[in-house]
Every structure is written in C-alpha cells, then in structure tokens.
Amino acid sequence: MPGPDSHDQVATSYLERVSRIRGECLTAFEEPADRTILEVKFAELNRSLNKYRGLMKYENNDSGFRAFCEAATIALEREVGSLQGKLIESLHSLESRWHPNGFAVFHIDDDHALGNLRLHIWPDGPRVARSDDAPIHTHVWHLCSRILAGNYRETIYAESGEDSMGGKEYHSASIDYLLDKDAFRASSKRVLSPKITTLDSAGSFHLVPADVPHETHIDDGSFVATMLIASNPVTEKAVMYSPKEIRSSTYDRPVLTSDEKWSLLSRLEREMKFNQGESNC
C-alpha cells in the first residue's frame, strides 16, 4: 500500500486543478463571458475543493479505510431507505453508462459528502462490456457497497514474487485516474496470488480498500445490484490485470437507453420489494 508520498501527490494534483480552475473563473470575470460557462467553472471548482477536503479526511491506510467504511455504511443505509419504492422516479432521468466490465452505472451523487454515490446493476440479460476489459483491477478509492439484489462474489488477490505458491503471471496496465479513467497504459507483467473469495447476498455490505487487486464474479443470467460509495481518490493510479496482452488504448463508455434504464430499475424495484417481504416474514 502506498505511503504518504503517494497521498501527497494526489493532494497536489487536486490543488493544482483547483488553482487552474480558479484562474479560469477570474479570467471569465474580467472578460465578457456566457454566464452558463462561468457557473460550470464554479461548479467544477467546488467539486475539486470537495474532493481535496475528502482526500484529507480518509488517507490510504488501514485507519483511513476503517473510518471511511464506518461512515459509508451508515450513509448507505440512509440512502437505500430514501430510494425504497421510488427508484424509477428518482433515477430514471440520470445519465447512466455501461462500465467497461459490463454493468450499468447510475451516478446518483458525484458530490456526496463521502465521495461518489452510485448504483451498479448487472442485468440477467445482455451486458455491454469493453472488448479488451481486464477482469482483475485495483481502485484509486476505498469502496463500500451494500448488496441490494442477488449474490455478489469476489476474489481478492495480492501481488507476489514469480516463485510464489499459487501465483500466476498477468499482463498489466495502469490508469491515471485523475487524467483519463478510461485510458489503459500498458505496463509490465506481474504475478498475482488469490487470497480469499467472498460471497455476499442482499442486505450485506462489501468493502474493498484502495490499491487491492480484486475480481468480481457475476454469472451470466444473474441479476445483481449494489449501491455504493467510492471515497475520493486516495492514490493516483489504478492497475488492471489480464491473462491476455493489454494494449495501450482508450474507451468511450456507452450510454444506456431510456428503455434499458427503465427495465433495470423496474426489475430492481421488484427485487427489493421481494427481499423486503422476505425479511418481514
């Protein structure tokens, strides 16, 4: 796990971004400008400041991860309760995109006090995935998710030496998340060893610290949904791992159609009502 230097580099990146946007705002004040453009710049400035404040609160270490998870589990219970029975009404209008690994992402609140509040749905039907997706990956943030429907299975890995028992060699690529979250930059081969596989069902929480390699296993034909909070980034780069060669490339995430959103949210509402009824029995 990266030490303070990595954390300081991320903090510096955010402060540099804040400084740049602030300068653009001041320039807009001095020159004739569309008010809408100015408002967009100020919104971007506020988001960057909020990210920086969040970064200072939850660092990339065990205590920072625990503190984030304690706050996030409470917040998620509240958020799930507030959306119960009105998912379509609340979320259908949001722009939603297919994640490269084949699940739908609804960005509920990218300016949440703890980071980013999202809804992830794996359909039991067709999924849109990146052709060169890498199933094993790390995150630049801490992750706390609550399972809303289905069974969520995941394997946690650790990087190890070439002679490690049970280790396997993978191609890798890095993603500079603050620069372009969809751009792969091919890197060296690395050896990973599986450490533990977990299985969580509806009502459970699933937690993953930043920088930890993991792989999610959602079977085809299974409907799974999670609501999650990703902390603000606590490190600069994520790493992707694949048994196949990873080439440097970028990717444009496809937008879900209105019908796709309606279908997924309707199904999730039915699943949540069923689970609620089961828990009351």
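**Entry 1: aromatic rings**

Buried here means under 20% relative accessible area, with exposed over 50% and partly exposed in between, using a 1.4 Å probe and protein chains only. I note that this is a predicted model, in which local features need pLDDT of at least 70, side-chain atom pairs count only at pLDDT 80 or more, and totals for chains, interfaces and linings use all residues. Residues are numbered from 1 along each chain as its sequence is written, and side-chain values use heavy atoms, with hydrogens and water left out.

I then listed ring pairs and got two aromatic pairs. Rings of Phe, Tyr and Trp (its six-membered ring) pair if their centres lie within 6.5 Å; planes under 30 degrees apart count as stacked, over 60 as edge-to-face and the rest as tilted. F103 and W122 have ring centres 4.6 Å apart and planes at 40°, so I wrote this pair down as tilted. F103 is in the loop between β1 (96-98) and β2, and W122 is in strand β3, 19 residues apart. Helices (H or I, at least four residues) and strands (E, at least two) are DSSP runs, numbered from the N terminus. F103 is buried, as is W122.

For W122 and Y152 I read 5.7 Å between ring centres and 75° between planes, so this pair is edge-to-face. Y152 belongs to strand β6 (residues 151-160), 30 residues from W122. F103, W122 and Y152 make up one aromatic cluster.

**Entry 2: arginines over rings**

I found R130 over the face of F184, at 3.8 Å from the ring centre. I also found R267 over the face of F223, at 4.5 Å from the ring centre. The rule asks for NZ of Lys or CZ of Arg within 6 Å of the ring centre and within 35 degrees of the ring normal.

**Entry 3: cysteines**

I counted zero disulfides, a disulfide being a pair of cysteine sulfur atoms within 2.5 Å. The sulfur of C69 is 5.2 Å from the closest cysteine sulfur, in C144, which is too far for a bond. C69 counts as buried at 8% relative accessibility, and C144 counts as buried at 0%.

**Entry 4: nonpolar core**

I looked at the largest nonpolar core, which has 30 residues. Such a core is a set of buried Ala, Val, Leu, Ile, Met, Phe, Trp, Tyr and Cys residues joined through side-chain atoms within 4.5 Å. L119, I121, L148, I229 and L268 touch the most other members. The largest share, eight residues, comes from α3.
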